[in-house]
Amino acid sequence: SAKPSTNRSVTEKPLQPCQETPPGLVGRLLIEFSSPMSMERVQRENPDVRQGGKYTPPDCLPRQKVAYGIYIINQYGEDTFNRAKLLNVGFLEALKDDEEYDCFIFSDVDLIPMDDRNLYRCYEQPRHFAVGMDKFGFRLPYAGYFGGVSGLSKSQFLKINGFPNEYWGWGGEDDDIFNRISLNGMKVSRPDIRIGRYRMIKHERDKHNEPNPQRFTKIQNTKMTMKRDGISSLQYRLVEVSRAPMYTNITVEIGRPP
Ligand code: NGS
């Protein structure tokens, strides 16, 4: 049965691996929020992005499969917010789409990178990208800060049993992740402070996200809790998955604090 082959490898030259540093980077970007950005414009300026926010370089073989898709994980209902648990959901749901993803970038929705040399890929060690945020005067607020935007390879993520599911409300979950990394013999890697710059989209204080009074004691106990609490114990109910042109929107029910 001779079907005409559409396989690239027999019709074209095999692709070369992508360059370590992509060509055409511009460095510092002008980020300001005074003029609104429309989804249509984002779409127009990124014609190679496919349904659900997926992208593959057309002319080279990617060295890593960064969850080459954009996933927005939305907590269903009105119960207390749980950031780290939502990030765990994002990891599993992205893998359901493509089990070959080997790198995951976890970003807060309100952070906009100001320099395209801050490469969203995975590194030898877990990566903290958001080292210079405007609200902290473009400096790290403290040496162990791991909030905002981070990136872990699949194996780094699994080594720390993913992120904690038991931080309800604001604060501490990023410090717990930092502890998991150190306790598992890894070290956080970071970009140069001049490159890892971010602007935060200004917004009102979130509802249902009051400071978690348990956060200080919880971050003292990471060593004990990380074995049982993490990606291995994650439970949730999928409410909706919808594919927009530039991203995949996932709504999940993740329960509420005990
Ligand atoms: C620390 C929090 C982190 C938080 C960081 C920055 O104190 O979760 O402040 O917060 N840790 C604890 O509360 C234990 S920020 O200034 O962005 O609101 O990420």
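The shell around the ligand divides into 3 nonpolar, 3 polar and 3 charged residues. Here Ala, Val, Leu, Ile, Met, Phe, Trp, Tyr, Cys and Pro count as nonpolar, Asp, Glu, Lys and Arg as charged, and the others, Gly among them, as polar. This is a predicted model: local features need pLDDT of at least 70, side-chain atom pairs count only at pLDDT 80 or more, and totals for chains, interfaces and linings use all residues. Numbering starts from 1 along each chain as its sequence is written.

**Ligand shell**
- Around the ligand sit Pro141, Gly147, Gly171, Gly172, Asp174, Asp175, Arg215, Phe216 and Ile219 (C-beta atom, placed from the backbone, within 6 Å).
- Helix H5 (173–183) and helix H6 (215–218) are the elements that give two or more residues to this shell.
- Helices (H or I, at least four residues) and strands (E, at least two) are DSSP runs, numbered from the N terminus.

**Nonpolar core**
- The largest nonpolar core has 35 residues, of which Ala67, Leu87, Phe104, Ala130 and Ile177 touch the most other members.
- Such a core is a set of buried Ala, Val, Leu, Ile, Met, Phe, Trp, Tyr and Cys residues joined through C-beta atoms within 7 Å.
- H3 gives the most to this core, with 6 residues.
- Isoleucine 177 touches Ala84, Phe146 and Phe163, not counting residues up to four places away in sequence (contact: C-beta atoms, placed from the backbone, within 7 Å).

**Aspartate 102**
- Aspartate 102 lies in the loop between helix H3 (83–97) and strand S2 (103–107).
- Aspartate 102 counts as partly exposed because it has 17 C-beta neighbours inside 10 Å (buried: 20 or more other C-beta atoms within 10 Å; exposed: 12 or fewer; partly exposed: in between; C-beta atoms placed from the backbone).
- The C-alpha atoms of aspartate 102 and lysine 154 are separated by 5.0 Å, at 52 residues apart along the chain.

How values were computed: Contact = placed C-beta atoms within 7 Å.
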